[in-house]
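Me: Please take me through how to read the fold of one chain and the contact between two others.

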Amino acid sequence: MGVMKRFTTVLAAVSLVFAGAACGGDDEAESGPVTLRYSWWGNADRAALVQKAIDLFQTKNPNIKVTPSFQEFEAYWQKMATDTAGGNAPDVLQMDFAYLREYAERGVLYDLKKQEGENLNTGDLLEGLKGAGEVDGGLYAVPVAGNTWGYVYSPAAYSKAGVPEPKLGWTWNDYRAAMEKITKSTGGKMYGGGNYIGTYYNLEVQLRQEGKLLYTEDGKLGFDKPRLAKFFNEGKQLADAKIVLPVEKGVQIKPKFALEMDLIAGDLGWDNFMTRYAAATKTELKLGPVPSDNPAQLGQYLKPSMLMSVSAKSKHPEESAKLIDFFINDPGAGEILGANRGIPATNGQRAAVKLEGPFAAVAAYEESIKTQLEKAPPAPPKGAGTIEQAFIRISEELQYGRISVDQAVDQFFTEANETLES
Amino acid sequence: MKLSTVAWHAGVLAVLAIVLYPIVWVVAATFKPSADIIGSLSLLPSAPTTANYERAVEGIASISIGRFFWNSTILAVLSVVGTVASSALAGYAFARLRFRGRGAMFALMISTLLLPFHVLIIPQYAVFQRLGLIDTYVPLLIGKFLAAEAFFVFLMVQFMRTIPQELDESAKMDGAGHWGIFWHIILPLARPALITTAIFTFIWSWNDFFGPLVYLSTPDKYPLPLALQLFVDEASGSDFGALMAMSMLALVPVILFFLFFQRFLVEGVSTSGLKG
Amino acid sequence: MATVAPTRRAEAPGQPAGPRTRVRRSGDGVAGYLFLSPWILGILLLTIGPMLTSLYLSFTDYSLFTAPEWVGLDNYKRMFEDARWLKSVQVTTIYVAVAVPVKLAAALAVALLLNNKRKGQGFYRAAFYGPSLIGASVSLAIVWKALFTDDAVVDRALRVVGIHTGGWAGNPDFSLLMLVLLGAWQLGAPMVIFLAGLKQVPVELHEAAHVDGAGRWRRFRSITLPMISPVVFFNLLLETINSFQVFTSAYIVGGPNGSPAGTTLFYTIYLYDRGFSDFRMGYASAMAWMLLLGVGLITLFLFRTARGWVYYSGDKR
């Protein structure tokens, strides 16, 4: 039939355009300065600092011109997905640990092993971060900053309630008891903390303290249903006893955090969020250790909070590697960027950066547990971001009392396994 | 003043007070210290400050705020020109002319409204990438000149169909061609629709985030909504004060545009001496 | 063509097809395509291709970065076993059923209120349009939540009349209603379209009816409503289509998870999440075509019923 024939012709034309898009890109002239497209996420403050660092890079490398492109985190990933699918990924891109495997395994990223030792020196990276950008033996990203799990709290709230401040060796029972005491002593005006089952990484920390992993080496869930049920039950009890901040209060104040509004006495989270909280509240905040039932094992590791990758399609991998090298090793770059992107990932830059206030507190905290920090686990499996979102959502429904613990556990396992299998 | 007029004003103002309360809240919030914006229950700032506006107009990475305004203006104005012209032409054809395939094409046009744009964006991107038009304004504008926004074509059709057919026929008797009818009869009578289209196009273009995000890479070319988003940062804390101050500044041109053009909505068919 | 036409006419004797209209038809033909040429060009270049591509992708497993793999009807089948998809259909349908009538009624009411020649008209019109000028940025989410938290203005106002709901922003039972109100608050677009339609109602008709002793309601029912019926239809259709595709406002308020507790998981939010966060563009495309099918049927239904209540003065009735 005529219509059908026309339809298939159009379809063929379309898929041609579509397939061709993946190998697009004009060839640049060989001579003359090389232009690198560099994309990153961040805000206006970071934009100013990165531009300054790029200027410095360009004076040091007059043959390389860098054109930056920046968006806010969520928008950045949306754009990155479109650019990459359309065959137009930038030369150098900022990478998140959660997305690393997703991008690396699909052949989007360049293996930087080929540049190591020539244009890229990774030898000065902190011990815990070495190899953090590796996926299946290839080096697909280099960390520029790291963070770890911690407990941010208000010492004043603790002393007011007559609870001793947390110190190394405190257990999850101690933590729950402290929250209960604080909540009771204020009559519910301030809660002892947020419900820690709302955050996936609290489960990871508990697992690691037991010598287990969130994801096994072959990319499966590192825990079973009873273990997750135990975790959820802890939170369910805390919520039912009204010891922790009720979930609806937390939802109401989004995009702010409860700590910033003095609604809770402390919370577990990434240590670099300390700087964010400190900027938002007048209450003095401190960083303390994570509770653990196993004194020999804090379950913590230095996680690359931000990495840099090179696109597999880049025509200038050498120059791209040079730019990454500059961002992680150059003391001048370290000085300009300071702790804006987190505490720097190399010893050299950590020494070059003068840290003050909350930034110094974060660095001191990491120093204090340095010997207990383990090497980062392999990059999480494909779909880890989806699984984390599912966890947050299901935990929220549980806290609202819309589903039971058993339903929550089943739902999570169904969704997680479906994601991991596909 | 007549009593009914007073009552009318009182009634409208009462409804308005409710409708505008949230906007008053935003304006008041821009004068609060950034940290106090979320969670404060009082409407008015306790210690008013202009610091939010100062940070908002500072610009981003040595790109001035004026640049973002300029980019937004260029995009919005060209969008208005393209959309009004192309939609009026297409609307006239659908509403007043009879030709083969009209029904099918009309159905096709409506169906383009039904598909969420998120699934179209990647194929569309691939086309523009092949044409080397990424990081230019072309992908953002070309659709406007080619009546790709079915909403407006449909709007024109609905309006033009209400214009009495007798007018065309008498003009035809006088020897006018299709262009003459379109230009001298339909366009003047469809003015409310043209103005409506212009207003919507301007506002939607001005507020569009997704299109510019996907197609533009160079910060120099960003329009305001992209710049606005740069005050948001999960890790180091968002600058809600500057964000809201900038949203308010960004509102000013749209309000002016609206105030200027909505006046033309007032005169309708009844004043142009038309008998139904 | 010309030879076939007479037989056709003979088969359908009821058709009043005189020679005059036939001449006009062919005359309109060329002009029709000329006037439509930008649109035709646009639809060929920008729309048809991507639409067909997404249709093709809906039958594939496509992860954005690797070539699509044909999987037949799998994506479509999977939808009906996907609890979140079913949930999103439910949320969206409820929203459309409530939000569209509320918004249109509010917009028409305001348009009628403002449709006169009194002083201050322009100002009021602009003021009512104001909320719709605010783009869907984080600012909007912040204000909207601020109105609906514990002890904030809505909570307090309701308490005055004896209703104790607490804050709505964190309450799963009220989150959808919050978004319905947000939609109705931004009523500028349908209001302006209603106003433009009302301007085309000849004043003479009202005056004549007034002289005949017709009351306000009577005149509204038998003159205004029929005269603006094309515009009512336009708004109804567009708001229905748009509400099925509601995205930005819901996204900034409820996030990608449809917080709180999945009560704002709209269809397009789930679609977006699948496509751009989970990299399952094949599934997302299938979802899109399912939506097209569903909304398409509703659109068709609306067009059918429109024959009974929409009047065009261009029509010879």
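The dialogue below takes up conventions, then a chain, then an interface.

Me: What are the ground rules?
Reply: This is a predicted model, where local features need pLDDT of at least 70, side-chain atom pairs count only at pLDDT 80 or more, and totals for chains, interfaces and linings use all residues. Residues are numbered from 1 along each chain as its sequence is written, chains are lettered from A and ligands numbered from 1 in the order in which they are written, and side-chain values use heavy atoms, with hydrogens and water left out.

Me: How many helices and strands does chain A have?
Reply: Helices (H or I, at least four residues) and strands (E, at least two) are DSSP runs, numbered from the N terminus. Chain A has 16 helices and eleven strands.

Me: How many residues form the contact between chain C and chain B?
Reply: Contact means heavy atoms within 4.5 Å. Chain C supplies 99 residues and chain B 94 residues.

Me: What area is buried between chain C and chain B?
Reply: Buried area is the accessible area (1.4 Å probe) that two parts lose on being put together, summed over both. Here the value is about 8600 Å², with 75% from carbon and sulfur atoms. On the side of chain C that touches chain B, helix α2 (residues 19-57) of chain C gives the most, with 23 residues.
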